[in-house]
Amino acid sequence: MPALSQLAPQPRLVAAARPGHVVLGVNNFCNLRCVMCDVGTGNAETNFGANLMGAQTRSMPLELFHTIADDMAAFCPDARMGFAFTEPLAWKPLGDALAYASSLGLYTTVTTNGLLLPKRAAELVAGGCRGLFVSLDGPAALHDQIRRHHGSFARAVEGIKAVAALPNPPEISVFCTISEYNVGHLKTFLKDISDLPLKLVGLIHNNFVTPALANEHNALYGQAYPATASNSFQSDPTSIDVARLAAELTDIKGSIWPFKVTIQPDLVSESDLDIYYHHPSQFVGRRCHDAFRILMVDADGESVPVHGRCYRFAIANVRDVGLEGIWKHSSIEALREKLSEAGGLLPACSRCCGGFGT
Ligand code: SF4
Ligand code: SF4
């Protein structure tokens, strides 16, 4: 794994003519308070927190959504529309929006904590959602503790079953963020959800920025692309017992499951995990692909660079320039150029999911 100073120049990436994903932040609030997330800990000042909670509009107006969907159908009809932030099931027009997108032939996915899934299962399926991604963080009691809401695991599971029981349900996947709280409980968790109709379970090494890494980044790039600490306030990824995690992930990988299990990024050995969690200034990937294939729009219609985990700077409003105007905007082009100049990644990209590519 290359250290910051050792990243070899990568062949220059060129942005695709059109994005492959359009990520929507349809509201600026969440109904859970997860300990490993800036939203859950109320850290609205971080890049991640502000990208998810910084919109002035609490909920995206349906009229703005229609504008975006129409624009997608015209400019990038093959892109996937991801209702991802901050908690789309707490957005009242979701069912109507899904149905509208489907009527335009768009492929839609919904990412949720599952708390409202039993209530909204029918409209999600009726709206033609194609992929449902539910966040679960461990066996029931542990999940509820991490998510600080008693009964949240049971509600998500009830919702998954309700969705799966309807005609033409979306493919359902579960994503679990690894933290110091659930290491040692991951295999039990997978066993506990083995009877659910899941296509995939992703175990995600938490994305984070430590204060030291943010400082290191800002000394070089802070002017244009300021970094902030992130997802390290009420959980401490650097405290993870990597020996225990390596043993557990190895065991999980060697076991047979009724669904596909992925580890993202695919780091399992103690030495790789030591680098990931204890030496965050060392890259584990070679470059960011996301800046060349994803765009995000928040509840105000403002473009957020790439997606929720990226740096934060003003770009443009989709009402003024459309999706094509955002995709080709000079500020986004400048970020892509800077990434290429730097060899593929900037320092604070090191533990962002966008930075795990080869
Ligand atoms: S992890 Fe998801 S559900 Fe939890 S507080 Fe953050 S945005 Fe909300
Ligand atoms: S890896 Fe990509 S998406 Fe992530 S912070 Fe860096 S530029 Fe942004």
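Colleague: Which residues of α4 meet which residues of α6?
Modeller: Leu 117, Pro 118, Ala 121 and Val 125 of α4 are in contact (heavy atoms within 4.5 Å) with Arg 155, Ala 156, Glu 158, Gly 159, Ile 160, Ala 162 and Val 163 of α6. By class, that contact holds eight nonpolar residues, one polar and two charged, where Ala, Val, Leu, Ile, Met, Phe, Trp, Tyr, Cys and Pro count as nonpolar, Asp, Glu, Lys and Arg as charged, and the others, Gly among them, as polar.

Colleague: Before we go on, what should I keep in mind about the model and its numbering?
Modeller: This is a predicted model, in which local features need pLDDT of at least 70 and side-chain atom pairs count only at pLDDT 80 or more, while totals for chains, interfaces and linings use all residues. Residues are numbered from 1 along each chain as its sequence is written, chains are lettered from A and ligands numbered from 1 in the order in which they are written, and side-chain values use heavy atoms, with hydrogens and water left out.

Colleague: Fine, back to that pair: at what angle do α4 and α6 pack?
Modeller: Helix α4 (residues 117-126) packs on helix α6 (residues 152-165) at an angle of about 25°, and their axes are 8 Å apart; axes are lines fitted to C-alpha atoms, for helices over the stretch in contact, and angles run from 0 to 180 degrees between N-to-C directions. The two helices are therefore roughly parallel to each other (under 35 degrees; over 145 is roughly antiparallel, 65 to 115 roughly perpendicular and the rest oblique). Helices (H or I, at least four residues) and strands (E, at least two) are DSSP runs, numbered from the N terminus.

Colleague: And at what angle do α9 and α10 pack?
Modeller: Helices α9 and α10 (residues 270-278) pack at about 130°, with their axes 9 Å apart, which makes α9 oblique to α10. On the α9 side, Val 242, Ala 243, Leu 245, Ala 246 and Leu 249 meet Glu 270, Leu 273, Asp 274, Tyr 277 and His 278 of α10, a contact with seven nonpolar, one polar and two charged residues.

Colleague: Now the sheet: in what order do the strands come?
Modeller: The order is β7-β6-β5-β4-β3-β2-β1-β8-β9, nine strands in an open sheet with mixed pairing, where two strands pair if DSSP finds at least two bridges between them. Strands β7 (260-264) and β9 (303-304) are the edges, each pairing on one side only. Between β3 (residues 107-112) and β4 (residues 131-135), which run parallel, there are four bridges, and Thr 111 has Phe 133 in β4 as its bridge partner.

Colleague: What does α9 touch there?
Modeller: Helix α9 (residues 242-253) touches β5 (171-178), β6 (200-205) and β7 as it packs on the sheet, its direction making about 160° with that of β6.

Colleague: Where are the cis peptide bonds?
Modeller: One joins Phe 85 and Thr 86, with omega about -10°, and Thr 86 is in the loop between β2 and α3. Another runs from Gln 264 to Pro 265, with omega near -10°, and Pro 265 lies in the loop between β7 and α10.
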